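The sequence and structure are shown first.

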Amino acid sequence: MKNSKSIFRFLIGLIAVSLMIFGIFDLSLAQVISPEHLISPGLAMAFIFADLDWEDEPENMGGLTSEMYIGLSGHIATWPTLISNPQTDEEAVTLQGSFAMNLDKHFIKVYSTPDTAKLEPENQGETDGQSFKQKGELFYPGTRKEAVAFARKINNARGCIIGIDPNTGERYVVGSKEKPVYFKPSVSTGGAAADRRGVKLEFNSDSFLPFAFYDGAIPLSSGDIPALTPPVTP
């Protein structure tokens, strides 16, 4: 009787393996013998920390370049995304893919007075639940009609903003599809002749990282800014 049961189990196992080999079952034999199918793809791996050395006399000038690029959520058809289970430091902070825009839509190029554009992400949250408040600002000079109209239109908009590192050319993105940037414009005429006059645009979002790196193209009305090829190494 025992031998009959053993033979029966063997035959059932052989039939199951044969079905998997011929593709009748969706679950492959490789999935059966690999423990990876038991792990949720949404779970992030434990990051491996590398030493943070500093080279002699690097280029490390503060600030951003004098142009930033705003993409509005309603204008973006496809967003680049982070890898859900990064294996390297670069993958942990670099968006994969490129922005694709809806028909006749594009990023908005905004000039910023030198020494005014910046990103200043801050840590937020309680112990064991910390994240980053992605935040920054730029200053557009003047209070002409187009500047004041821009303040009005961007006031309740959301999306993302891209700044450029003047040292490396790297593109920093604040905001994502799930956690877009919100904009807070303010206008000042100044009081004294020497005061700054114009539109200050503050922006903020919430994220697991201070900001994301982006190597893809930036679609503009005047033509795309090409992708970084090869990607710039910070």
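## Aromatic pairs

Phenylalanine 213 counts as buried (under 20% relative accessible area, with exposed over 50% and partly exposed in between; 1.4 Å probe, protein chains only), since its relative accessibility is 16%. Tyrosine 172 is likewise buried, at 12%. The ring centres of tyrosine 172 and phenylalanine 213 lie 5.3 Å apart with the planes at 85°, so this pair is edge-to-face. Tyrosine 172 belongs to strand 9 and phenylalanine 213 to strand 12, so that the pair links distant parts of the chain, 41 residues apart. Rings of Phe, Tyr and Trp (its six-membered ring) pair if their centres lie within 6.5 Å; planes under 30 degrees apart are stacked, those over 60 edge-to-face and the rest tilted.

Six aromatic pairs are counted by this rule. In one of them, phenylalanine 99 and phenylalanine 107 have ring centres 5.1 Å apart and planes at 70°, and the pair is therefore edge-to-face. Phenylalanine 99 is buried at 7% relative accessible area, and phenylalanine 107 at 2%. Ring pairs join Phe99 and Phe107 with Trp79 and Tyr214 in a cluster.

## Model and confidence

The model is predicted: local features need pLDDT of at least 70 and side-chain atom pairs pLDDT 80 or more, whereas totals for chains, interfaces and linings use all residues. Residues are numbered from 1 along each chain as its sequence is written, and side-chain values use heavy atoms, without hydrogens or water.

The chain has a mean pLDDT (the predictor's confidence in each residue, from 0 to 100) of 84, and 77% of its residues reach 70 or more. Over residues 19-43 pLDDT stays under 50, and the model has 13 contacts (heavy atoms within 4.5 Å) beyond four places in sequence for them. Where pLDDT is low, the predicted coordinates should not be read in detail.

## Nonpolar cores

A nonpolar core is a set of buried Ala, Val, Leu, Ile, Met, Phe, Trp, Tyr and Cys residues joined through side-chain atoms within 4.5 Å. The largest has 20 residues, of which Ile70, Ile154, Ile161, Phe183 and Phe203 touch the most other members. At least two residues each come from strand 1 (67-72), helix 4 (145-154), strand 9 (171-174), strand 10 (181-188) and strand 11 (198-207). Helices (H or I, at least four residues) and strands (E, at least two) are DSSP runs, numbered from the N terminus.

Strand 1 gives the most to this core, three residues. A second, separate core of 16 residues includes Phe99, Ile164, Tyr214 and Leu220.
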